[in-house]
Amino acid sequence: MKAASAGPARMKVSVIGAGVAGLTCAVELAERGVDVEVLERSDALGASACSWQAGGMLAPWCERESAEPLVARLGQEAIGWWADKFPGTVRHGTLVLAHGRDVAELNEFAARTESFERIGRERIAELEPDLAERFGQALFFPSEAHLDPRAALAALAARAQRLGARTRFGADMTPALIRELQSSGRTVLNCTGLAAREALTDLRGVKGEMVVVRIRELSLRRPVRVLHARLPLYVVPREHGLFMVGATMLESDDPGRVSVRSVLELLTAAYALNPMFGEAEVVEIGTGVRPAFLDNLPRLRWRDGVLHVNGFFRHGFLLAPALARMAADVLLRDARFPEVMDEDHRERRRA
Ligand SMILES: Cc1cc2nc3c(=O)[nH]c(=O)nc-3n(C[C@H](O)[C@H](O)[C@H](O)COP(=O)(O)OP(=O)(O)OC[C@H]3O[C@@H](n4cnc5c(N)ncnc54)[C@H](O)[C@@H]3O)c2cc1C
């Protein structure tokens, strides 16, 4: 991989925020020959990013259960994009299960989604031996994928650096500092998640709580979603016996507090998936606040000459590659994407 050579008209872009949105944009732009710098207010990668808390599921077809068709369509780009950029991308699909009494939930899920196989006890046992005998029916989404978000962010940061992008930590960018960047001839891409609320007044926070546990005796090869009317849950396997158990969805922008009830509910649901989770070590209890617009769809939006890439809701890893491609096309080719740009960007750019 080689950084593109500098030319007289080489565009200079400052990407603010090193979450998944900022880093995908940085890589996409650097790959197209742009002079990129990433400015992150934390002292280390992920220290205050919602992206650090994510499950890392790349599940465009499962997400269709509650998301708009656009999410499934744009999300399908993500699997190949991540597999190309991050060798740790695991393409083993997703398993969706329901306990016997909740089997109606499985039918409802099937009615709202596509690209799955209905499977029975034997096939479940083949796919996930540690769930054998526990479930009689499931939906298998073979084309979905997952990744460890922290490893994936580190890989993106390293890739951006190899392409010549510079990253500065401890850079808390105020409006005045942003104006300085602009007057020095840099284009500014704002990827600060919920922190962009002053400029994007319709952005809201949707809090997600999660638990990471370790149990080496249990093995899952793919994310498992367990349907339940009140307590839906997913478990995403990671390396070294780690499992991320998630996640709540609360209309709140308080990043600090994790309730006993949420932890109890998540761990109870994991225990019901397999009682061996009862023996697991609790490694981490975490929370992140998802940045979301009212329709839960992401946006590219100009404000004061800055292009914002935001509103990823529960789909940051799933949708950032498509939005990064679009953001790069907007900056480099003056392209328009009416489905994710809700105003005439040429007007805004002149602001
Ligand atoms: C529990 C949970 C599970 C999830 N699971 C999944 C999943 O399985 N799949 C999926 O696709 N998505 C998932 N998501 C959603 C995903 O995490 C978010 O959509 C995504 O992280 C949003 O990324 P972002 O880059 O916009 O924001 P962030 O990750 O919050 O990044 C913003 C960055 O900007 C920096 N910043 C802020 N202000 C400034 C400033 N003034 N100057 C400089 N830097 C600044 C912050 O420090 C931060 O690093 C999950 C979310 C949660 C909470």
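In which loop is Ser115 found? Ser115 sits in the loop between α4 (103-112) and β5 (117-120); helices (H or I, at least four residues) and strands (E, at least two) are DSSP runs, numbered from the N terminus. Its phi is near 65 degrees, a positive value in a residue other than glycine. The model is predicted: local features need pLDDT of at least 70, side-chain atom pairs count only at pLDDT 80 or more, and totals for chains, interfaces and linings use all residues. Residues are numbered from 1 along each chain as its sequence is written, and side-chain values use heavy atoms, without hydrogens and water.

A cis peptide bond links Gly246 to Ala247, with omega about -20 degrees. Ala247 belongs to the loop between β13 (242-246) and β14 (250-251). Most residues other than glycine have a negative phi, and most peptide bonds are trans.

The ligand is surrounded by 39 residues (a heavy atom within 4 Å). The closest are Glu40, Ser48, Ser51, Phe313 and Phe317. The shell comprises 20 nonpolar, 14 polar and five charged residues (nonpolar: Ala, Val, Leu, Ile, Met, Phe, Trp, Tyr, Cys and Pro; charged: Asp, Glu, Lys and Arg; polar: the others, Gly among them). A backbone N or O atom of Ala21 lies 3.0 Å from a ligand oxygen atom. For Leu318, a backbone N or O atom is 2.9 Å from an oxygen atom of the ligand. The protein buries 96% of the 1000 Å² that the ligand exposes when taken alone (Shrake-Rupley method, 1.4 Å probe). Elements giving two or more residues to the shell are α1 (20-31), β2 (35-40), β15 (281-292) and α9 (316-333).

Helix α9 also meets α3 (residues 69-85): their axes come within 7 Å and cross at roughly 90 degrees (lines fitted to C-alpha atoms over the stretch in contact, with angles from 0 to 180 degrees between N-to-C directions). The two helices are therefore roughly perpendicular (65 to 115 degrees). Contact (heavy atoms within 4.5 Å) involves residues including Trp81 and Trp82 of α3 and Phe317 and Leu318 of α9. By class, this contact has 12 nonpolar, one polar and two charged residues.

Key. A polar contact is a pair of N or O atoms within 3.5 Å; within protein, one must be able to donate a hydrogen and the other to accept it, and residues adjacent in sequence count only if both atoms are side-chain atoms. Angles under 35 degrees count as roughly parallel, over 145 as roughly antiparallel, 65 to 115 as roughly perpendicular and the rest as oblique.
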